[in-house]
Amino acid sequence: MTADGAAETPAAVPGAGMVADGAAETPAAVPGAGMVADSDGAGGAQSRTADIVPGPGGVMTDEVGVITGELTLRTEYADGTVTLRVQYKDADEWYVVTGGSVALADPAGLDAVHGVAVALLHRPEG
């Protein structure tokens with residue numbers, strides 16, 4: 001909201017993420033979520049992204065095995081399923097996290113699933 005009480009229009013943020021200190025790079029489309037959200041409407045495809053640095057051993061993916069270093073995690077919801085994907089930061093290719101897909105009946109749970117995934121995978125201190 002602006003100082004006069006009028007609602008602000010959220011900015012479109014292509015390929016958004018979080019910076020390492022957890023502060024959103026731009027205003028989050030989901031107020032208070034601390035991440036950027038993309039959605040095609042209520043109940044449709046949605047995603048959340050955050051930059052992470054995994055601990056020793058990296059993140060296992062279905063397509064290329066283990067990847068390490070600075071990564072971006074995307075938690076996607078579509079058709080009742082949540083899928084975790086990672087990419088090397090600022091790369092084009094996304095890889096499915098091994099074991100990172102589960103049924104989710106209510107898309108309102110996407111923020112919680114994403115928060116847990118970030119908490120489990122972001123281990124910059126090892």
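Leaving aside its neighbours within four places in sequence, which residues is I52 in contact with? Hi everyone, let's start there. I52 touches G69, E70, L71, L73, V118, L121 and H122, where contact means heavy atoms within 4.5 Å.

A quick word on the source: this is a predicted model, in which local features need pLDDT of at least 70 and side-chain atom pairs count only at pLDDT 80 or more, while totals for chains, interfaces and linings use all residues. Residues are numbered from 1 along each chain as its sequence is written, and side-chain values use heavy atoms, with hydrogens and water left out.

Now the overall layout. The chain has one helix and seven strands, and from the N terminus they run β-β-β-β-β-β-β-α. These are DSSP runs, numbered from the N terminus: helices are H or I with at least four residues, strands E with at least two.

Back to I52. Along with V59, L73 and V86, I52 has the most contacts inside the largest nonpolar core, which has 13 residues. Such a core is a set of buried Ala, Val, Leu, Ile, Met, Phe, Trp, Tyr and Cys residues joined through side-chain atoms within 4.5 Å. Two or more residues each come from β2 (46-52), β5 (71-78), β6 (81-88), β7 (95-103) and α1 (110-121). The largest share, three residues, is from α1.

Finally, please find V64, in the loop between β3 (59-61) and β4 (65-67). V64 is partly exposed, at a relative accessible area of 45%; buried is under 20%, exposed over 50%, and partly exposed in between, using a 1.4 Å probe and protein chains only.
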